[in-house]
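I opened my notebook and jotted down what I looked up, one entry at a time. Come and look along with me.

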Amino acid sequence: MRTGMIAALILLGLTGCDAAKPVAGTTATASPPASVRPKSLPDAGRCHAGQALDVYHYRATTLNAVDCAAEHDAEIVRVGRLTSPPENKTKEVYTDCDTAAREYVGGDWHDGRLGIAVIVPSTDEWIAGVQEYRCALFEFAAESRSSKLRTGSLKDGLRGARPLALTCMEVRGTPDGKGWFQDLDPMIPIDCAQPHNGEYIGSYVGADVPHPGMTRLSQQATEACDAKATAFLGKTFPKSLRVVPSGGNPDWWALGERTARCYVVTGPDDVLTKSLKA
């Protein structure tokens, strides 16, 4: 099996240029602005509309509760309560959200067209009385990028017929003229009966150790995904096929998110019309 590069971060993170900063453990005497005072926020099992979720986390007061039968961006799968300011609580909260997402859909959410977002109170929100954190689950349009507008609940999406399962992918990028790509764009989920050139084959979970650095992690993930590809494909596969792992962001690793998704991808000149699974 020929191996490829580790892709860029595809999972949601808790930090970003517009992310609300958590409380630093101090109190404030000034009254918080009315815009951050508690309001009706979506409960577990309800959905959120009006703002796509992607690699940033959001102020709780920007969430807009809607029925999941209506068009929406994400679904709240758990609401938890913090007993102290959220500083240094993010790993604990992430672990809870990860568990809640798995229970909600009926399997490992990494095996679906799914991402999670963790919403914790900002400093102003905490002062205003918002003590809850929310775990949001969403379907993505391109591999673990921003949320896709949809209708209907995500609940049980990986049970039974597994309607949310991650399977084949449309892979785009700049051809290198040598049968591969100079770079890859975010992969787009597609039905395996449609022309495609990539497929999800499983995931790899790194050891619970400090982040080993992207070079070493790339090697570890590629080796693990290569073994999964051999089991998934059997003996027959296109010569141009390569393994492409995706994941490994150091900030998420610190929270306990050590999963890399594994894909097999053909060259830009190869077109598949069915699953490669043996």
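I looked up Asn-197 and found it in the loop between β10 (188–190) and β11 (198–205); helices (H or I, at least four residues) and strands (E, at least two) are DSSP runs, numbered from the N terminus. This is a predicted model, in which local features need pLDDT of at least 70 and side-chain atom pairs count only at pLDDT 80 or more, while totals for chains, interfaces and linings use all residues. I count residues from 1 along each chain as its sequence is written, and side-chain values use heavy atoms, leaving out hydrogens and water.

Is Asn-197 buried or exposed? Asn-197 is buried, at a relative accessible area of 7% (buried is under 20%, exposed over 50%, partly exposed in between, with a 1.4 Å probe and protein chains only). I saw the Asn-197 side chain reach the backbone nitrogen of Val-171 at 2.8 Å. Beyond four places in sequence, the contacts of Asn-197 (heavy atoms within 4.5 Å) include Phe-181, Thr-266 and Asp-270.

Next I checked the largest nonpolar core, which has 24 residues; such a core is a set of buried Ala, Val, Leu, Ile, Met, Phe, Trp, Tyr and Cys residues joined through side-chain atoms within 4.5 Å. Helix α1 (90–105) is one of the elements giving it two or more residues, and α1 gives the most, seven.

Last, I checked confidence: pLDDT (the predictor's confidence in each residue, from 0 to 100) averages 81 over the chain. Over residues 3–38 pLDDT stays under 50. Where pLDDT is low, the predicted coordinates should not be read in detail.

Note on methods:
Polar contact = N/O pair within 3.5 Å; in protein donor to acceptor, adjacent residues only side chain to side chain.
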